[in-house]
Amino acid sequence: MISTKNTKILALSGGVGGAKLALGLATITTDEQLTVVVNTADDFEHLGLSISPDLDTLLYTLAGESNQSQGWGLQGESWQAMNMLSSFGGETWFQLGDRDLGTHLMRTQALRQGQNLTEVTEILRQGFKVKQRILPMSDDPVRTQVNTIDGQLPFQHYFVRERCEPKVTGFYFEGLSQAKAQAEFVALLQDPELAAVVICPSNPFVSVAPMLNLSGVKALLQKCQAPIVAVSPIVSGMAIKGPAAKMMNELNMPCTAVAVAEYYGDLLDGFVIDDSDVKQADDIAQLGLEVLVTPTVMNNLDDKVALAKQVLTFCETLQGEELLCGQ
Ligand code: FO1
């Protein structure tokens with residue numbers, strides 16, 4: 001199915017938007033070909049539990065178990081534990097379903113027993129029978145703090161409890177300067193078989209930035225021979241999901257695909273924009289990037305697969321190397 005040389009693919013992903021493209025990529029590649037490195041700066045400790053929302057979104061999505069209408073959590077969920085907690089007057093602003101709680105209990109106990117986040121994620125991945133490698137960006141804690149006009153808020157307090165309402169003035173990634181990039185992530189960036197790096201359409205500021213700004217990662221990306229391609233999370237001046245567009249407005253950035261391309265800067269070889277933003281293609285090319293214009297909105301599995309094929313074909317043209325055979 002796949003050529004034997006230079007066929008490893010690395011996807012960098014935040015939560016929902018990134019997981020959609022990761023599922024498309026997982027559908028058209030062999031199990032060993034794809035590694036997804038996931039943002040862990042959204043992680044937090046809540047009700048005594050270690051919660052890794054983006055890792056879980058990836059696990060649940062690749063396992064075919066995600067709750068797509070809700071946008072997070074698991075299918076077939078029940079809420080008995082939350083209802084019980086609510087009856088005691090406990091904190092219920094962050095909704096943890098009964099099935100989802102099993103994941104957090106498993107992770108929390110394993111971390112407390114001394115396993116690292118990579119090892120715990122591996123246990124969960126095997127439990128969910130996910131074939132692709134899913135790695136946390138780091139085994140060290142990194143915690144996004146959102147600076148707002150109302151003061152600094154931990155990410156989930158800003159995102160879920162305050163529904164992204166406070167006006168954002170900037171971000172601080174607690175622990176980032178001391179955190180080491182996950183070892184296999186570092187090794188993959190130096191692997192001669194790495195053939196493509198795909199930055200998924202995740203929030204550039206709070207999902208992708210923590211991964212890129214881990215010590216040494218940008219330098220390795222700059223050295224890496226594989227094409228680096230990002231998919232714009234901004235389509236027609238809006239974010240498909242989440243607060244990226246609102247953040248751009250509040251940070252006085254134009255809410256455009258061009259602004260996202262500029263934000264990633266010369267790290268990229270190629271940038272993927274939606275058909276509806278075709279008028280921005282020339283401006284992006286002016287930045288020295290190759291541009292792919294294609295439908296990027298993923299409403300169903302066919303859309304995810306179609307975009308994944310387009311992205312890998314784009315990488316092939318940038319690399320001159322075949323990634324997909326007979327697709
Ligand atoms: N998002 C919400 O908007 N409300 C919730 O109550 C909520 C609970 C939740 C529980 C577990 C989990 O893994 C994720 C959860 N999310 C919830 C989603 C999540 O916090 C965000 O989508 C991501 O952090 C942003 O990528």
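The points below take the ligand, then its shell, then the pocket.

1. A word on the basis: this is a predicted model, where local features need pLDDT of at least 70, side-chain atom pairs count only at pLDDT 80 or more, and totals for chains, interfaces and linings use all residues. Residues are numbered from 1 along each chain as its sequence is written, and side-chain values use heavy atoms, with hydrogens and water left out.

2. Among the polar contacts (pairs of N or O atoms within 3.5 Å), a polar side-chain atom of Gln 156 is 2.8 Å from a ligand oxygen. A backbone N or O atom of Gln 95 lies 2.9 Å from an oxygen atom of the ligand, and an N or O atom in the Trp 72 side chain lies 3.3 Å from a ligand nitrogen.

3. The shell around the ligand (residues with a heavy atom within 4 Å of it) has 13 residues, and Asp 42, Asp 54, Phe 94, Gln 95 and Gln 156 come nearest. Helix H6, a DSSP run of H or I with at least four residues, gives the largest share, 4 residues.

4. Where does the ligand sit? It is in the largest pocket, judged by more than half of its atoms lying within 2 Å of the grid points. That pocket has a volume of about 910 Å³, counted as the space filled by probe spheres set on the points, which are joined across faces, edges and corners. A pocket here is an open set of points on a 1 Å grid over the protein atoms alone, where a 1.4 Å probe fits, with protein on both sides within 12 Å along at least five of seven lines.

How values were computed: A polar contact is a pair of N or O atoms within 3.5 Å; within protein, one must be able to donate a hydrogen and the other to accept it, and residues adjacent in sequence count only if both atoms are side-chain atoms. On a 1 Å grid over the protein atoms alone, a cavity is a set of points where a 1.4 Å probe fits but cannot get out, and a pocket is an open set with protein on both sides within 12 Å along at least five of seven lines; lining residues have an atom within 4 Å of a point. Helices (H or I, at least four residues) and strands (E, at least two) are DSSP runs, numbered from the N terminus.
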